[in-house]
Amino acid sequence: MADKRKYVIPGDVVTTGPFRPEQNTVLEGNKIISTTIGISEIYDDSVRVIPLTGKYIPKINDLVIGKVNSHTSLSWELDINSCYVGFLPAQDVFGRDFSAHADELATKLRTGDLVAARIANFDRTRDPLVSISDRDLGKIDSGVLMEISPSKVPRLIGKKGSMIQMIEEATDAAVTIGQNGWVVVSCESPEGLLKAKKAIQMVNEQAHVANLTDQVKEMLDKKGES
Amino acid sequence: MGGREATMVLMDENGKRCDGRTVDEPRRIMIKAGGLKNADGSSYIEFGDNKILVGVFGPRDVHPKHMSDTDTGILRVRYHMEPFSVGERKNPAPSRREIEISKVIKEALEPAVMLEKFPRTAVDVFIEVLQADGGTRCAALTAASVALADAGIPMRDMVAAIAAGKVADTVILDVNNEEDQAGQADMPIGYMPNLEKITLLQLDGVLTPEEYKKCVQVGVDGCKLVYELQKKALNDKYFGNKGD
């Protein structure tokens with residue numbers, strides 16, 4: 001499969017075989033064409049292009065980091081680094097017995113607060129509905145927010161979480177990665193925090209490099225000695 | 001027009017044009033993808049003596065809200081010439097000509113971009129002509145397409161553009177400023193090279209049906225040359241020359 005990988009730009013023909021066009025490809029006649037800059041992959045019966053650029057488009061069940069933009073008496077609006085705003089209804093935080101006159105939304109989340117949230121529902125007719133009622137979700141109290149390109153999030157996570165696990169182990173930091181490209185790093189020791197930030201920056205800048213995991217590991221180990 | 005241009009030699013006896021090019025030779029073209037930090041996508045093109053910078057934003061919220069479309073995203077293009085882009089200072093306010101070119105470029109890009117994936121949003125393309133020397137709409141369209149790809153806007157194909165024309169009764173490729181002023185015809189062509197479709201075709205001048213067909217063919221062949229350079233610009237930025 002690896003040898004079928006190709007660098008493509010919009011308009012490039014990925015393949016002409018009887019494949020199913022998936023992510024970032026379209027069928028035009030009998031050709032499957034890439035619609036973005038990226039790396040094409042051919043699986044058993046489907047073709048997809050992993051994008052190297054572009055904004056975050058919400059997907060149901062994605063974990064995202066959001067920043068509270070504003071609120072009405074019934075809901076919050078979250079900036080989720082996308083072309084749409086995240087919509088967080090008050091019932092999700094206060095529970096079923098939420099009452100618009102009795103409960104004040106600002107007591108729970110204020111403008112500027114960061115939250116880890118999950119995209120509960122999204123379709124093209126409405127803004128994405130987000131939820132924070134789950135384990136590991138909710139307001140983020142401490143840590144440093146970093147921005148990386150949303151198309152590089154899978155690289156930061158690595159295969160089965162290998163990359164992020166390695167960074168967390170080497171630095172003792174806790175890293176929350178939002179699919180929207182926002183990452184929160186928190187760590188007890190300042191050195192660990194700096195190292196983790198540097199590693200994440202490295203992944204963001206060199207996402208296309210092969211055996212990046214080894215290079216990041218080398219960087220983490222080297223810094224540890226000095 | 002006037003008498004000055006009429007005496008100008010646009011084609012000498014060896015078939016060389018006023019700037020020394022052959023009939024089917026484009027000017028020097030350099031395209032660079034990226035370069036603007038605050039834009040989502042950007043590009044810079046030097047097309048002969050034309051210098052054009054393009055920035056793309058989006059998909060993003062539409063302002064004013066009433067312009068938004070619940071079925072699809074919208075494309076907005078602004079073509080603007082700097083006051084210092086031409087010999088005599090140009091008033092920076094959008095002129096009739098700039099408004100028309102903005103519309104023409106927008107309509108030439110629309111078949112390529114797939115904005116139906118982003119309803120209620122807008123993609124803004126800002127084209128700034130820093131230096132103009134004939135054929136800016138083609139150069140701007142070429143650069144805008146690279147900037148859109150750089151921004152990650154889904155596209156069916158790139159759009160490459162170049163002008164064909166007629167001077168001294170000969171069909172030529174890539175009309176420069178002198179040839180545009182004194183020549184017999186100017187035909188800007190925008191073309192999607194993989195889908196083999198024309199997205200922009202304008203004609204200023206008089207051509208016979210045979211010349212018209214030849215002009216289109218010359219223009220399309222020229223667009224394929226331009227496309228190779230667009231490809232190279234994107235490969236250089238994203239794959240560091242590793243791209244095929």
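A residue is called buried under 20% relative accessible area, exposed over 50%, and partly exposed in between, with a 1.4 Å probe and protein chains only. All views below show a predicted model.

**View 1. Chain A as a whole.** The secondary structure of chain A consists of 5 helices and 16 strands. Along the principal axes, the C-alpha atoms of the chain occupy a box of roughly 60 × 55 × 25 Å. Chain A has 226 residues, and 44% of them are buried. Of the contacts in chain A between residues at least 6 apart in sequence, 57% are made by residues at least 24 apart.

View 2. UniProt gives the annotation "domain: S1 motif" to residues 61-135 of chain A. This span is 5% helix and 40% strand, and its end C-alpha atoms are 14 Å apart. A further UniProt feature, "domain: KH", is placed at residues 141-200 of chain A. Residues 141-200 are 43% helix and 25% strand, with 21 Å between the end C-alpha atoms.

**View 3. The interface of chain A and chain B.** Contacts involve 29 residues of chain A and 34 residues of chain B. About 2500 Å² is buried between the two chains, and carbon and sulfur atoms account for 56% of this area. A:Y7, A:I9 and A:R124 contribute 25% of the area that chain A buries against chain B, more than any other three residues.

**View 4. Polar and charged pairs across the interface.** The side chains of A:D127 and B:R120 form a salt bridge, with an N to O distance of 3.1 Å. Between chain A and chain B, 1 salt bridge is found. Polar contacts between the chains number 11 residue pairs, with both residues at pLDDT 80 or more. On the side of chain A that touches chain B, the elements giving two or more residues are strand 1 (6-8), strand 4 (25-28) and strand 5 (31-34). By class, this side of chain A holds 11 nonpolar, 9 polar and 9 charged residues.

View 5. A:S131 lies in strand 12 (residues 129-131) of chain A. Its relative accessibility is 14%, so A:S131 counts as buried, the limit being under 20%. The side chain of A:S131 makes a polar contact of 3.3 Å with the side chain of A:D92. A second polar contact, of 3.2 Å, links the side chains of A:S131 and A:S133. With neighbours within four places in sequence left aside, A:S131 is in contact with A:L88, A:D92, A:A117, A:R118, A:A120 and A:L137.

**View 6. The salt bridge of A:E22 and A:R20.** The side chains of A:E22 and A:R20 meet at 2.7 Å, N to O. A:E22 has a relative accessible area of 30% and is therefore partly exposed. A:R20 is also partly exposed, because its relative accessible area is 42%. Over all chains, the structure has 21 salt bridges.

**View 7. The salt bridge of B:D174 and B:R21.** The N to O distance between the side chains of B:D174 and B:R21 is 3.6 Å. The two residues belong to distant parts of the chain, 153 residues apart: B:D174 is in the loop between strand 7 (170-173) and helix 4 (177-182), and B:R21 is in the loop between helix 1 (3-6) and strand 1 (29-33) of chain B. B:D174 is buried, with a relative accessible area of 1%. B:R21 is buried too, at 5%.

View 8. The side chains of B:K237 and B:D150 meet at 2.8 Å, N to O. This pair links distant parts of the chain, 87 residues apart, with B:K237 in helix 5 (residues 209-239) and B:D150 in helix 3 (residues 136-150) of chain B. B:K237 is partly exposed at a relative accessible area of 42%, whereas B:D150 counts as buried at 3% relative accessibility. Elsewhere, salt bridges with shared partners connect B:R17, B:D19, B:R21, B:R27, B:D133, B:D174 and B:E179 in one network.

**View 9. The position of B:S95.** B:S95 sits in the loop between strand 4 (74-81) and helix 2 (96-109) of chain B. The relative accessible area of B:S95 is 26%, so the residue is partly exposed. B:S95 and B:G240 are 145 residues apart along the chain, and 40 Å separates their C-alpha atoms.

Notes: Residues numbered from 1 in each chain as written. Chains lettered and ligands numbered in written order. Predicted model: local features only at pLDDT ≥ 70, side-chain atom pairs only at ≥ 80, totals over all residues. Heavy atoms only, no water. Contact = heavy atoms within 4.5 Å. Buried area = accessible area lost by both parts, 1.4 Å probe. Salt bridge = Lys/Arg side-chain N within 4 Å of Asp/Glu carboxyl O. Polar contact = N/O pair within 3.5 Å; in protein donor to acceptor, adjacent residues only side chain to side chain. Helix = DSSP H or I, 4+ residues; strand = E, 2+ residues; numbered from the N terminus. Nonpolar A, V, L, I, M, F, W, Y, C, P; charged D, E, K, R; others polar. UniProt positions renumbered as here; feature names shortened; annotations may be inferred.
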